[in-house]
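Trainee: I would like to learn how to read a new structure. Could you walk me through this one?

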Amino acid sequence: MAARKIMILGAIGVGKTSLANRLAFGRFETSYKATIGVDIYTTNAALPGGKTMPLVLWDTDGDFGLSIFRTVYLKGASGALIVADVTRPASLDQMAALIAGFREALPGRPCAAVLNKSDLVAGESGEPGSGLPPDLLARARGADVVSLASARTGHGVTGLFAELATTIERRSL
């Protein structure tokens, strides 16, 4: 099966690189190194029936913002992971703008909205993300997949990439 290109988009510091590291290498780095331009990772996502889909993750610089849609970086992308930090409301607004921009630039390609750092907002139940305001997920509208995740703990990371890969396979992209 041919590898699929997945763009990882979002504001600076939302955890794009941490999500890519968690999926590709199964680890979380505590030292922060800003991405300059694009870093590329390869990994596999699980598909139903025990199959896997090779993925090439394009982890982008958060400084791109909406200008990413005027670059060649998107060429050949099968989908996108658009990341926000649940502890920073402004990153949710940028996520919504990136979802709309991706939809316009690559119609029909799936995108996943990922609310990262869910471990930082555990409610009384102790479940990751259970302390989030109920309207938070609504701000990710327009995405094919909306997930809570934590790159630090690994919660939800494998599943969100698997769901995105399944959508790509179903659409034959």
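Predicted model: local features only at pLDDT ≥ 70, side-chain atom pairs only at ≥ 80, totals over all residues.

Trainee: Which side chain does Glu 29 meet in a salt bridge?

Mentor: Here is the general idea: side chains of opposite charge can pair when their charged atoms come close. We call it a salt bridge if a side-chain nitrogen of Lys or Arg is within 4 Å of a carboxyl oxygen of Asp or Glu. The partner of Glu 29 is Arg 27, at 2.6 Å from N to O. Arg 27 is partly exposed too, with a relative accessible area of 38%.

Trainee: How many salt bridges are found in the whole structure?

Mentor: The search gives 7. One of them joins Asp 85 and Lys 117, whose closest N and O atoms are 3.0 Å apart. This pair links distant parts of the chain, 32 residues apart: Asp 85 belongs to strand S4 (residues 77-85), and Lys 117 to the loop between strand S5 (111-116) and S6. Asp 85 is buried at a relative accessible area of 2%, while Lys 117 is partly exposed at 23%. Another salt bridge brings the side chains of Asp 144 and Arg 103 together at 2.8 Å, N to O. Asp 144 sits in the loop between S5 and S6 and Arg 103 in helix H2 (residues 89-105), so this pair ties together parts 41 residues apart in sequence. Salt bridges can also share partners, and in that way Asp 85, Arg 88 and Lys 117 are joined into one network.

Trainee: You mention strands and helices; what does the secondary structure of the chain come to?

Mentor: Helices (H or I, at least four residues) and strands (E, at least two) are DSSP runs, numbered from the N terminus. Here they come to 3 helices and 6 strands. Along the sequence the pattern reads β-α-β-β-β-α-β-β-α.

Trainee: In which sense do S1 and S3 pair?

Mentor: Two strands pair if DSSP finds at least two bridges between them. Strand S1 (residues 4-10) and strand S3 (residues 52-60) are parallel, with 5 bridges; Lys 5, for example, has Val 56 in S3 as its bridge partner. Strand S2 (residues 38-46) runs antiparallel to S3, and 9 bridges join them. S2 and S3 form a hairpin with 5 residues between them, and Gly 49 in the turn has a positive phi of about 85 degrees.

Trainee: Which residues is Ser 147 in contact with, leaving aside its neighbours within four places in sequence?

Mentor: Contact means heavy atoms within 4.5 Å. Ser 147 touches Ala 113, Val 114, Leu 115 and Leu 160 on that count. Ser 147 is found in strand S6 (residues 145-148) and is buried, with a relative accessible area of 12%.

Trainee: And for the chain as a whole, what percentage of the residues is buried?

Mentor: Buried residues make up 47% of the 173 residues. As for contacts between residues at least 6 apart in sequence, 68% join residues at least 24 apart.

Note on methods:
Residues numbered from 1 in each chain as written. Heavy atoms only, no water. Buried < 20%, exposed > 50% of the residue type's maximum accessible area, 1.4 Å probe, protein only.
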